[in-house]
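Welcome! Take a moment to look over the sequence and the 3D structure below, and then let us walk through some of the details together.

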Amino acid sequence: MANHENKTLTFRIRRYGTGGKAHEHYWQEYKVEAMKGQSVLDCLNEIRFKQDGSLTFRRSCRSGICGSCAMTINGVSRLACETQVMTLGTETVTVEPLKGFRPIKDLAVDIDPIPEKLLAVKPYLITKTPPPSDQERLQSQAERSRLDGLYECILCGCCTASCPSFWADEKYLGPFAFLKAYRFIADSRDEGEREHFEALDDKHGLWRCHTIFNCVEACPKSLNPTKAIAALKRELVKNRIG
Amino acid sequence: MAMIDPETIHDVKGVSVHNVHRHDVIVVGAGLAAMRAAVEASKDYDVAVVSKVFPTRSHSGAAQGGIAASLANEEEDHWEWHMFDTVKGSDYLGDQDAIEILVKEAPIVVREYEHMGAAFSRTPDGRIAQRMFGGHTKNFGKGGPILRACYAADRTGHVLLHTLYENCVKNGVRFYPEFYVLGLIIRDNICRGVVAWDVVNGGVHIFHGKAVMFGTGGHARVYRIASISLSSTGDGQGMVLRAGLPLEDMEFLQFHPTGLYIHGILVSEAARGEGGYLINDAGERFMKKYAPEKMELAPRDVTSRAIQREIDEGRGIGGKDFVHLDLRHLGKDKIMTLLPQIHELAWKFIHVDCVKDPIPIQPTAHYSMGGIPTDSDCRVLGDGKSRPVVGFFAAGECACVSVHGANRLGTNSLLEASLFGRRAGISIVRFLRDEPELADLPTDAAAEAIAEVEGILSSSGTERVAAIRAEIQQRMTVDCAVFRSAGKLSKLLEDVRGLQERYKHIRVDDRGQDFNMDLIDAIELGRMLDLAEVMVSGALGREESRGAHSRTDFPKRDDAKWLKHTLAWKKDGKVVFDYKSVVITRFQPKERVY
Ligand SMILES: Cc1cc2nc3c(=O)[nH]c(=O)nc-3n(C[C@H](O)[C@H](O)[C@H](O)COP(=O)(O)OP(=O)(O)OC[C@H]3O[C@@H](n4cnc5c(N)ncnc54)[C@H](O)[C@@H]3O)c2cc1C
Ligand code: SF4
Ligand code: SF4
Ligand code: FES
């Protein structure tokens, strides 16, 4: 951990679509007196509240659970609210919108691709057997533990924004969609394997993943989409043969 | 009334009605209450969900600990026990008819979540796992704490929220994410829709439907130290006030005992449910002075007052305004499997490894017990008592049915949001079965909203929105928090009015229409100031201490005068009150000791 002192930091922010420079990217710098314990989001708020109310970005929970504040900080996709500014260790903090997504205004990007990609994998439990009428379905602790590392995804998009395959093909379903698909396929209660798989076995699907692991590194929730991808590929091959 | 023509109306200095959308049901919000209603109604009708944030980014996703239901998966339990705890927890202000519905239907609602796919944690025999939570007990308070809170690790809200979103998607619900609803369209006591602002592209949209449902969440953001998301600004309650309708019991706001020091970010009660200790500067488990039997598992109002008293009397850690939550004795394994998110939060937000060090905490504004008065079928009551506004429904934290009375028990609000959200859906379906006509849109439906947006975009004052907001949040945190008194509240009320005056002279930096956060902040602030005025007035009026409302000048509960709900309207710039009696069925008010 770095030594925490109050420090004047320079925020270098890549802006877009504001200040009479519509649809042109430009850099703007702000000075922030940062305190120990402050997050990048706190600093951006500080700028918005005290210096420039036109600076635009999304935020909601400010506790790392809603996925709104994903952006590129010093070159890495992260959540602004859970990135302690002092731990970055730089005097200048560079903030850009998430890569690969269409910019709308400043740090806010078009997030429509998130539900689009998600919906492609039929992201819900598909069952054929009706559940018991006044009881829950049973699931053993071992079965349930297969969902650990899969069900926690907050749909922030950091993984996809760091994925070279997505940069090359915006239709690529990408890591969180795969993770979600596997979250259901791995669920002992789910009976819709084929339906979840439909979109995966496609030129914008699984086979475009080159296992570069960027997504794993980017995930702020320490999830591992690559592991899900490998498991899905195995299942797919197995299904084709079987 | 003439039908509105979207092409021709209202072009006030550039802001115009962009589009009129028609759906059978217009659901405002995308938290548990709203989306549970949408799941229900979309089985039969065309449902639109309009939300200012993308659905899975709603506040509900932050809930950690659990959802209460007497499933008896872990040990004996009965809805009657759950009912007793809820009534007692409410300090006898909860309406017992509504509470009975809550506790009886709870198991159905939780099992339905499981059927929809929620990834609950499991017991060794494969059932939904349950944990302890403050105020939930065995045998009408005579036994110890009970395992009643159904959970998914400490990500219960996240799991339920995503499950509902997924099921809405499955049912073909139409989503309008990032549309900020500005106001209700109610004429002749019939709700005809809402007016909204398209946040991303700018522009006013009208949503015209037969039924409107509010699941717009709480208003604890009126405080600086608060656990709730930055978007929980009470817009729904604000819109209801502006529509000339009353709000109920707004003086009751819950302070959660364990907010991370300075941020106010919540450390779930699960930390105490799993055995965490509260420690003061002397290293003492001070709860033994305040709740010798229940200790750390006493209800929130009791625990928050205990912490605040320790702090006020100089026994905060190092004399500062926090105490310690100590989990170290639980050991690394238990912390990492049962409380992983708490470990992560403490580490990421204040760099404390709770396996090795205690967590600094302080009370934080958390939950709005008061809100929009409804009956138990979630119909909004225009007079606050018995007369529904036709086609207008509300559920969840924005509403007040009232199951929580003066103080909510942990895990009862995910339950309330889900259960009354579901009931709202059922109620809406019943309403639509009678095939009511689609009520006409008045030609001036959007006039007020357009004037508000236009006014803000062209404002030329000197006041910064952020400065006024910081001031109201700070003042509420200091003078209308855990302990209250007439002196401080009257001064605060004056100052709130002063801030309302200053609000008339704001200016915004961003004057564009697309993705204008400055505009949204300004709109939210206007509503927050209205709510603060009603909350402070209500707190000043209620001369007793009950549940979360604790008056140092009236330290006792006063059933003779105050066993009643407050209803508050804003009329001609003033707050006007009326009262209604509490529904008492099974449990007569008794002194509340833990
Ligand atoms: C940190 C934390 C932890 C908690 N943990 C628990 C727990 O373990 N158990 C428990 O029972 N309770 C818990 N609670 C309480 C519980 O989370 C909330 O009471 C509950 O989630 C409220 O749900 P809701 O559906 O009413 O509203 P919310 O989830 O707050 O949703 C409100 C919705 O309304 C929308 N909205 C608001 N205004 C507008 C507008 N103007 N236009 C359009 N859309 C709008 C928002 O976008 C959002 O979608 C916790 C609360 C906090 C703060
Ligand atoms: S492993 Fe696959 S999904 Fe992940 S970043 Fe690499 S190409 Fe993208
Ligand atoms: S997998 Fe991780 S990075 Fe990707 S969307 Fe989910 S939480 Fe975000
Ligand atoms: S604001 Fe919710 S994740 Fe950062």
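## Strands side by side in chain B

S14(B) and strand S15 (residues 359-368) of chain B pair in the antiparallel sense over 3 bridges. Strands here are DSSP runs (E, at least two residues), helices are DSSP runs too (H or I, at least four residues), and both are numbered from the N terminus. Two strands pair if DSSP finds at least two bridges between them. In this pairing, Val323(B) has Ile361(B) of S15(B) as its bridge partner. S14(B), which covers residues 323-326, also pairs with strand S13 (residues 277-279) of chain B, in the antiparallel sense and over 3 bridges. There, Ile279(B) has His324(B) as its bridge partner.

What holds such strands together? Strands of a sheet pair through backbone hydrogen bonds, either parallel or antiparallel.

## How to read this model

This is a predicted model, where local features need pLDDT of at least 70, side-chain atom pairs count only at pLDDT 80 or more, and totals for chains, interfaces and linings use all residues. Residues are numbered from 1 along each chain as its sequence is written, chains are lettered from A and ligands numbered from 1 in the order in which they are written, and side-chain values use heavy atoms, with hydrogens and water left out.

## A three-stranded sheet

Chain B also has an open sheet of 3 strands, in the order S11-S24-S25, with antiparallel pairing. Its edge strands are S11 (247-248) and S25 (574-581), each of which pairs on one side only. Strand S24 (residues 564-571) of chain B and S25(B) are joined by 8 bridges in the antiparallel sense. One of the residues to look for is Lys564(B), whose bridge partner in S25(B) is Ser581(B).

## Around ligand 1

A nitrogen atom of ligand 1 has a polar side-chain atom of Asp235(B) at 2.9 Å. The protein covers 98% of the 1000 Å² of accessible area that ligand 1 has on its own, an area that comes from the Shrake-Rupley method with a 1.4 Å probe.

## An enclosed helix

Asp235(B) is also one of the buried residues of H5(B). Buried means under 20% relative accessible area (1.4 Å probe, protein chains only). Because 7 of the 8 residues of H5(B) are buried, this helix is largely enclosed by the rest of the structure. Just after H5(B), Gly244(B) takes a positive phi of about 85°.

## Two buried side chains of chain B

Phe84(B) sits in helix H2 (residues 79-89) of chain B and is buried, with a relative accessible area of 8%. Leaving aside neighbours within four places in sequence, Phe84(B) is in contact (heavy atoms within 4.5 Å) with Phe140(B), Gly141(B) and Phe587(B).

His115(B), in helix H3 (residues 96-116) of chain B, is buried as well, with a relative accessible area of 17%. Its side chain reaches the backbone oxygen of Pro132(A) at 3.4 Å. Residues that His115(B) touches include Leu125(A), Ser133(A) and Arg137(A).

## Chain A and ligand 3

Chain A has 9 helices and 7 strands, and 59% of its 242 residues count as buried. Its C-alpha trace spans about 60 × 35 × 30 Å along its principal axes.

Which residues surround ligand 3? Among them are Cys153(A), Cys156(A), Cys159(A) and Cys219(A). The shell around ligand 3 divides into 10 nonpolar, 1 polar and 1 charged. Helix H4 (158-161) and helix H6 (175-185) of chain A each supply at least two residues of this shell.

Definitions and conventions:
Near = heavy atom within 4 Å. Nonpolar A, V, L, I, M, F, W, Y, C, P; charged D, E, K, R; others polar. Buried < 20%, exposed > 50% of the residue type's maximum accessible area, 1.4 Å probe, protein only. Polar contact = N/O pair within 3.5 Å; in protein donor to acceptor, adjacent residues only side chain to side chain.
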